[in-house]
Amino acid sequence: MAENMLLNSPHLLQKLSLSPVMLRLMQEAVKPEPDFDVLAETLRMDPALATTVLNLVNSAFYSLPQKVTDLSRAALVLGSREILKIAVSMTLHKDLESGFPDCHYDFYPDWRLIVWSAIAAEMLASRLCPRQADQAYLCALLKDVSLLFLRCAAKDLLPNPDQKDRITVLAAGQLEREENAWGMHHAALSQMLLTRWGIPAVMCQSIRQHHAVDSLTDLDPLTQAVVLATQWSEMELGHSSGPFSVVQFEVLLRGILGLGEREVDALRSECLEKFRSMLDSLGIGEGDGKRAYYRHSVKLMQGYCFLSMDLFTAEGGLGSVANVVGKHIKLNWDVKSWDLALRSPHGDTYSLFHLTPQGSMEHDPGTYTEGRLPWRIKRKGLELTSSGKRLGELRLDEAGMPQEELDNLTLYLRFLSQGFEYYCARQAVLEEKALAFDKIPIGVARLDGSGLVAEANQRFADILALDGPAKGQGMTALLAQSMPLGTVADMESFLADAGRSHFGRIAYLQLPGPDGTKTDACLYLSAHRVAETKENDTAGPGVLVLLEDLRELSEIEVQTMRRKDMLERLVGSMQELVLTLDADGIVRFCSRQELDMVGQDFFKRFSPGPGSVADWSAEILSGARSDSATPVEAPLAGAPLEGVLKTPGDSELPYEFSLAPLGGKAGAAREYLAVGRDMTQLRRLEAKLKMRALFDSLTGLFNHYQFHTTLEREVTRSRRTGRSLGMIFCDLDRFKAVNDEKGHLAGDAILKQVGGLLLRVVRQGMDYPCRYGGDEFAVIVTEVTQERLRAIAERILADIRAEFQGLVTASIGVSMLVEGDTPETLLGRVDRLAYASKKTGGDALSEG
């Protein structure tokens with residue numbers, strides 16, 4: 001549905017409207033200072049609403065020392081704006097509940113999300129942009145109003161009209177589907193409706209972007225608070241993509257707010273207390289409390305998150321997963337007996353595992369569909385689900401587990417389920433690689449250091465007509481079944497001589513054909529000694545054995561060019577740059593033809609990257625300097641090698657190379673494999689993150705967090721060295737009027753100009769200009785006298801006056817660090833002085 005259909009549909013717009021009480025409350029909400037008389041008169045229009053407001057005022061939400069019995073007293077204690085926020089919340093809830101009696105929709109799950117996000121937005125904004133905390137509350141409260149009204153007034157216009165609840169939880173691809181159906185997504189529709197209801201578009205901008213998580217660091221603080229609150233509500237109430245994201249979100253919060261783990265825990269507890277009080281006042285229960293994560297501490301969830309990560313490295317099939325689960329349950333809950341069903345990574349069948357009361361783990365040999373599992377334990381179990389998919393079930397052979405422990409076990413299984421989902425995805429990739437290994441047209445086997453077959457493909461067994469698997473058997477014993485004794489002796493001699501790098505022999509023999517009769521055969525047998533890569537294999541270097549049936553030589557010749565092209569395209573499609581080098585460092589193969597590297601010196605095309613070895617030459621490959629008999633440290637046995645490629649356009653591409661010899665020991669190898677990972681995006685991201693951690697993205701000045709870090713450091717340094725320190729605090733006058741009249745782009749342009757002005761005035765390396773927040777700036781000035789500090793402040797005042805010709809001016813506070821000052825007292829003093837300047841009419845400077 002296009003935008004103009006909404007605007008030009010009076011019947012629909014009449015349905016998508018607020019009650020008269022709500023409209024009057026909204027008109028007051030957008031005023032700088034709401035009129036209590038108007039507010040009281042509006043509430044008197046709905047006595048039940050006034051009673052509900054007083055109930056919330058007297059709840060644990062505010063924890064007032066004495067009971068408040070009338071609205072005038074409530075406004076005196078809490079302020080008119082706080083009462084207004086309560087009234088808006090209650091009225092919106094009532095409008096949706098009573099305005100659509102035939103809706104048949106459960107609003108409660110959505111209201112829980114809305115209440116959490118509104119409370120969270122206000123609390124986050126109080127730290128990110130304190131003056132806009134009330135706006136953050138209203139934006140979060142109203143951000144999804146379009147979805148709620150459409151669900152009851154015109155649900156057929158929704159992409160999923162039959163959804164029964166939680167319509168405000170963002171689904172994958174939802175915004176794209178809405179834009180295709182309506183010409184805009186629901187956030188833009190909410191903004192449009194609120195604008196029609198009298199809410200300024202500037203205030204609604206945060207509503208339009210409340211799902212913009214990917215561009216979070218580029219948003220203004222108010223929008224950041226609304227976006228974070230939206231995510232936070234979905235995380236805490238259990239509607240996010242998985243439990244891992246809840247733990248990750250706590251880390252994100254700490255980074256954005258600059259708070260420690262305990263401070264974020266305290267913030268979360270305060271939000272939860274207010275959330276429960278608000279629900280109680282609205283007459284809404286907590287619903288499915290077991291689904292919500294707020295019932296559990298962050299520390300507990302972090303612990304279960306780390307436990308579930310054990311599955312990321314599990315090897316050995318579903319049995320290894322069952323062993324991990326068994327270990328966790330034993331250590332944390334001491335359960336003596338259980339049944340565990342786990343879904344196969346490649347289908348809908350399940351494997352069943354049992355822990356017997358005697359403590360032994362048993363694996364049922366069969367695979368079963370979900371309804372045919374032969375459970376030993378018959379009582380109802382705990383499900384393993386992730387991304388809406390059932391992955392297994394755990395049944396406990398003991399009743400009476402304390403509820404708290406059962407709740408914790410259920411939480412652990414939620415984390416485990418997501419870890420198992422990742423395991424299944426990884427296992428599927430490994431099995432696909434194993435399938436490709438079996439399809440290689442020549443026989444391949446890898447031997448460990450003792451000559452036993454560690455792994456072999458099916459073609460290897462087919463060529464030798466083996467009756468069983470080759471794995472675990474000695475190579476010479478396998479060859480002796482069909483190979484000439486001389487060939488077997490040569491292989492045995494090669495395996496015994498660790499100094500030999502390769503071996504090759506053509507053998508003539510008889511092998512059984514498809515019908516069982518023996519026919520003449522000609523095989524080419526080769527072996528290549530390679531460095532062992534398995535961390536847990538202590539048997540020493542391994543050997544790669546290749547078997548090729550020369551009876552198929554004519555067919556091989558026909559297919560050679562095609563296979564060569566296929567292999568080159570396969571390697572070329574890899575994200576990594578793949579090279580082979582000879583012992584002199586000359587490139588013999590390059591996976592990217594456009595780089596034109598074949599025949600060139602690797603160590604000339606690439607310059608050494610940061611932290612690379614000093615001897616940037618082919619000596620790195622051999623591990624010995626040409627002018628010395630003393631071996632040098634070689635990257636082949638150590639950290640990756642960093643090199644920088646200069647392109648024809650003079651741009652530089654950083655690569656991280658892993659080097660490995662192709663046959664033989666590192667010092668004697670004739671060719672080397674170099675696999676390079678392009679680090680360009682990573683380096684850009686590192687630089688961008690570093691900049692964002694230090695600087696305000698709009699003005700280029702130090703940000704709020706860096707201001708406090710620098711102030712703490714410089715105050716400490718001043719105390720230690722006795723060198724003087726001062727601070728200038730600047731608050732722009734009439735900046736809000738510019739935003740309201742000319743728009744936020746004009747306001748941003750002014751903030752950029754002020755940032756550039758401050759950078760020109762201060763001394764580089766000695767003074768620290770910062771954007772404190774909103775339209776407030778601060779300059780930390782080191783090694784300065786009172787007179788010099790005043791002169792710098794007067795220069796800033798004059799330059800702002802000249803730059804903007806009265807459009808905006810500045811109220812400035814100036815003070816030196818004095819005996820007994822802390823960073824907080826110095827900041828508080830200059831802030832009060834700036835406020836004193838503003839009270840005189842602005843465009844002034846106050847000293848103290």
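**Sheet, helix packing and a buried aspartate**

Helix 18 (residues 318-333) lies across strand 1, strand 2, strand 3 and strand 5 (389-396). Helix 18 runs at about 140° to strand 1. Contact means heavy atoms within 4.5 Å. Helices (H or I, at least four residues) and strands (E, at least two) are DSSP runs, numbered from the N terminus. Axes are lines fitted to C-alpha atoms, for helices over the stretch in contact; angles run from 0 to 180 degrees between N-to-C directions.

The model is predicted: local features need pLDDT of at least 70, side-chain atom pairs count only at pLDDT 80 or more, and totals for chains, interfaces and linings use all residues. Residues are numbered from 1 along each chain as its sequence is written, and side-chain values use heavy atoms, with hydrogens and water left out.

An open sheet is formed by 5 strands in the order 3-2-1-5-4, with antiparallel pairing (two strands pair if DSSP finds at least two bridges between them). Strand 3 (361-363) and strand 4 (382-386) stand at the edges with a single partner strand each, so one side of each lacks a neighbour in the sheet. The twist averages 20° from one strand to the next. Strand 1 (residues 338-343) and strand 2 (residues 350-355) pair over 6 bridges. Ala 341 stands opposite Leu 352 in strand 2.

Helix 8 (residues 108-128) packs against helix 15 (residues 243-257) at about 35°, with axes 10 Å apart. Leu 124, Arg 127 and Leu 128 of helix 8 meet Leu 253, Ile 256 and Leu 257 of helix 15.

Asp 696 sits in the loop between helix 26 (680-694) and helix 27 (704-721). Asp 696 is buried, at 14% relative accessible area (buried means under 20%, exposed over 50%, partly exposed in between; 1.4 Å probe, protein chains only). Not counting residues up to four places away in sequence, Asp 696 touches Leu 701, Phe 702, Asn 703 and Arg 771.
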